[in-house]
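User: I am new to this structure and would like to learn how to read its features one at a time. Please give the general idea first, then the case here.

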Amino acid sequence: MSDYSAKSDKELLEELLENEPLEGGIIAELISRHMKTVFSIARKYSDSADYEELVSDGMQGLLSAIRGYNSEKGEFSAFVSVCVNNRLKNTAKRALRRTSRLSESDPEQLEAIPDPKPTPEEAVIAKENSESLFNHIKEELTELELHCIEGAAMGLAYGEIASKLGVSKKTVDNALTRARAKLRRLYTG
């Protein structure tokens, strides 16, 4: 895999949009560059919702930004901020609705709910764990399996993944089946 750290976001996005095989390294590089934005915006809404839920939804917002970016929309980093912020605003609203429903029920139940905000140590450990897990996944999966999983995670259909990778839909299906089995083994230990 290439070293993408020297390239700008614009160069990476242009390369990702080309009809060449999906390059998981590009997506990984963009995610690593903009994870701080996700964490920062998640912290902003952490009084209203569970921090882990916010980070998870924020990462979905980041992936949506990668998928939906158009250079006419301005700078990519600003587009990421807007996508993540909008997504997390909706997450916070959902959480507030859940909380209001809970407050209408037994008040003793609310006292049993722990504070969802992670401590700084927990946040650092979570980041290290996610990086470790991603590296372990990269070690376990073949390059084809990794590209197929990333394409599926981006919401691409098997045909689109096959076209970008220059393989058949059956090859994509088989690679995804193998990758999912490997990931299940990783998660279930």
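Predicted model: local features only at pLDDT ≥ 70, side-chain atom pairs only at ≥ 80, totals over all residues.

User: What share of the residues is buried?

Analyst: A residue is buried under 20% relative accessible area, exposed over 50% and partly exposed in between (1.4 Å probe, protein chains only). Of the 189 residues in the protein, 35% are buried.

User: How many helices and strands are there?

Analyst: Helices (H or I, at least four residues) and strands (E, at least two) are DSSP runs, numbered from the N terminus. The protein has nine helices and zero strands, so its pattern along the sequence reads α-α-α-α-α-α-α-α-α.

User: What share of the contacts joins residues 24 or more positions apart?

Analyst: A contact means heavy atoms within 4.5 Å. Among contacts with a separation of 6 or more, 64% are between residues 24 or more positions apart.

User: Which residues of the largest nonpolar core touch the most other members?

Analyst: A nonpolar core is a set of buried Ala, Val, Leu, Ile, Met, Phe, Trp, Tyr and Cys residues joined through side-chain atoms within 4.5 Å. The largest one here holds 47 residues, and Ile-31, Leu-62, Ile-66 and Phe-76 touch the most other members. Among the elements that give two or more residues to this core are helix H1 (9-17), helix H2 (24-45), helix H3 (51-68) and helix H4 (76-103). H2 gives the most, with 10 residues.

User: Which residues do Ile-31 and Leu-62 touch?

Analyst: Leaving out residues up to four places away in sequence, Ile-31 touches Met-59, Leu-62, Leu-63 and Ile-66. Leu-62 lies in helix H3 and counts as buried, at 0% relative accessibility. With the same exclusion of residues up to four places away, Leu-62 touches Ile-31, His-34, Val-38, Val-80 and Val-84. The C-alpha atoms of Leu-62 and Val-82 are 9.7 Å apart, for residues 20 apart along the chain.

User: How are aromatic rings compared, and how many pairs are there?

Analyst: A pair of aromatic rings is described by the distance of the centres and the angle of the planes. Rings of Phe, Tyr and Trp (its six-membered ring) pair if their centres lie within 6.5 Å; planes under 30 degrees apart count as stacked, over 60 as edge-to-face and the rest as tilted. The whole structure has two aromatic pairs. Tyr-69 and Phe-76 are edge-to-face, at 5.2 Å centre to centre and 85° between the planes. The rings of Tyr-69 and Phe-79 are tilted, because their planes stand at 55°, with centres 5.7 Å apart. Tyr-69 sits in the loop between H3 and H4, and Phe-79 in helix H4, 10 residues apart. Tyr-69, Phe-76 and Phe-79 form one aromatic cluster. Tyr-69 is buried at 16% relative accessibility, and Phe-79 is buried at 15%.

User: How many salt bridges are there, and which parts do they link?

Analyst: Side chains of opposite charge can pair when their charged atoms come close. The rule here is a side-chain nitrogen of Lys or Arg within 4 Å of a carboxyl oxygen of Asp or Glu, and the count comes to five salt bridges. One of them joins Arg-94 and Asp-57, with the closest N and O atoms 2.9 Å apart. Arg-94 is in helix H4 and Asp-57 in helix H3, 37 residues apart. Arg-94 is partly exposed at 34%, whereas Asp-57 is buried at 13%. Another pairs Glu-145 with Arg-178 at 2.9 Å, N to O. Glu-145 lies in helix H7 and Arg-178 in helix H9, so the pair ties together parts 33 residues apart in sequence.

User: Is Glu-145 buried or exposed?

Analyst: Glu-145 is buried, with a relative accessible area of 2%, while Arg-178 is partly exposed at 40%.

Methods:
Residues numbered from 1 in each chain as written. Heavy atoms only, no water.
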